[in-house]
Amino acid sequence: MTISKVLYRTGATAQGGRSGKVCSDDGELNLDLAAPPELGGDGGVGTNPEQLFAAGYAACFQSALLAVAEGYGVDLSRCAVRVDIEIGPTGRGGMGLGVEIGLADPESDAAELTRLASRAHRLCPYSRAVEGNVEVRLTVQGAPAQLG
């Protein structure tokens with residue numbers, strides 16, 4: 001997939017890999033990295049690439065969900081979006097990722113929230129980027145749901 005017009009571009013530089021540092025070009029993001037023990041690290045103070053990916057995906061997906069909901073006249077301003085990222089061996093050599101998107105909104109109907117999430121999944125740039133490469137699962141109100 002190619003984009004027809006660049007609306008925004010940013011970058012970040014990592015040094016030291018999973019136990020180093022990462023900094024955005026503008027300096028707003030400047031973090032120490034620490035590999036978790038599960039991945040052979042010492043579990044020191046710092047974040048890791050999976051946490052950063054989860055945070056970015058959650059924010060991006062929620063923006064897509066809010067845009068879709070607004071188009072249908074539905075208020076999802078209280079809906080929490082949680083993204084969990086899993087990493088592990090693929091069984092075919094190398095490591096792979098898994099994603100679980102969880103939506104919680106006590107004021108929304110689960111079926112409607114699932115429909116809106118499916119539309120947001122087709123709109124969200126992160127979802128589109130991982131399509132066909134990463135298993136993405138959905139939970140709504142704590143129960144597994146199907147992305148359509």
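Predicted model: local features only at pLDDT ≥ 70, side-chain atom pairs only at ≥ 80, totals over all residues.
## About the model

Residues are numbered from 1 along each chain as its sequence is written.

Helices (H or I, at least four residues) and strands (E, at least two) are DSSP runs, numbered from the N terminus.

## Paired strands

Two strands pair if DSSP finds at least two bridges between them. Strand 4 and strand 5 are antiparallel, with ten bridges. P89 has M95 of strand 5 as its bridge partner. Five residues lie between the two strands of this hairpin. There, G91 takes a positive phi near 85°.

Strand 5 also pairs with strand 6, in the parallel sense, over six bridges. Opposite V99 stands V136 in strand 6.

## Helix 2

Helix 2 covers residues 110–123. The expected span of a helix is 1.5 Å times one less than its number of residues. For the 14 residues of helix 2, that gives 20 Å. The end C-alpha atoms are 20 Å apart, which agrees.

At the start of helix 2, a side-chain oxygen of D109 comes to within 3.2 Å of the backbone nitrogen of A111. This is a polar contact (a pair of N or O atoms within 3.5 Å; within protein, one must be able to donate a hydrogen and the other to accept it, and residues adjacent in sequence count only if both atoms are side-chain atoms).

Which residues of helix 2 are buried? They are L113, T114, L116, A117, S118, A120 and H121. Buried means under 20% relative accessible area, exposed over 50%, and partly exposed in between (1.4 Å probe, protein chains only). The buried residues pack against helix 1, strand 5, helix 3, strand 6 and strand 7.

## The nonpolar core

A nonpolar core is a set of buried Ala, Val, Leu, Ile, Met, Phe, Trp, Tyr and Cys residues joined through side-chain atoms within 4.5 Å. The largest one here has 29 residues. Y57, F61, V83, I101 and L103 have the most contacts inside it. Helix 1, strand 4, strand 5, helix 2 and strand 6 each give two or more residues to this core. Helix 1 gives the largest share, nine residues.

Contact means heavy atoms within 4.5 Å. Not counting residues up to four places away in sequence, Y57 touches several residues, among them V83, V99, I101, H121 and V136.

## Salt bridges

Side chains of opposite charge can pair when their charged atoms come close. A salt bridge is a side-chain nitrogen of Lys or Arg within 4 Å of a carboxyl oxygen of Asp or Glu. How many does the structure hold? There are seven.

D32 and K21 form one, at 2.7 Å from N to O. D32 lies in strand 3 and K21 in strand 2, so the pair ties together parts that are eleven residues apart in sequence. D32 is partly exposed, at 42%. K21 is partly exposed too, at 42%.

E107 and R78 form another, with their closest N and O atoms 2.4 Å apart. E107 sits in the loop between strand 5 and helix 2, and R78 in the loop between helix 1 and strand 4, 29 residues apart. E107 is exposed, at 58%, and R78 is exposed, at 60%.

R137 and E135 meet at 3.6 Å, N to O. R137 is partly exposed, at 25%, whereas E135 is exposed, at 52%. Both belong to a network of salt bridges that also links E86 and E100.

Note on methods:
Heavy atoms only, no water.
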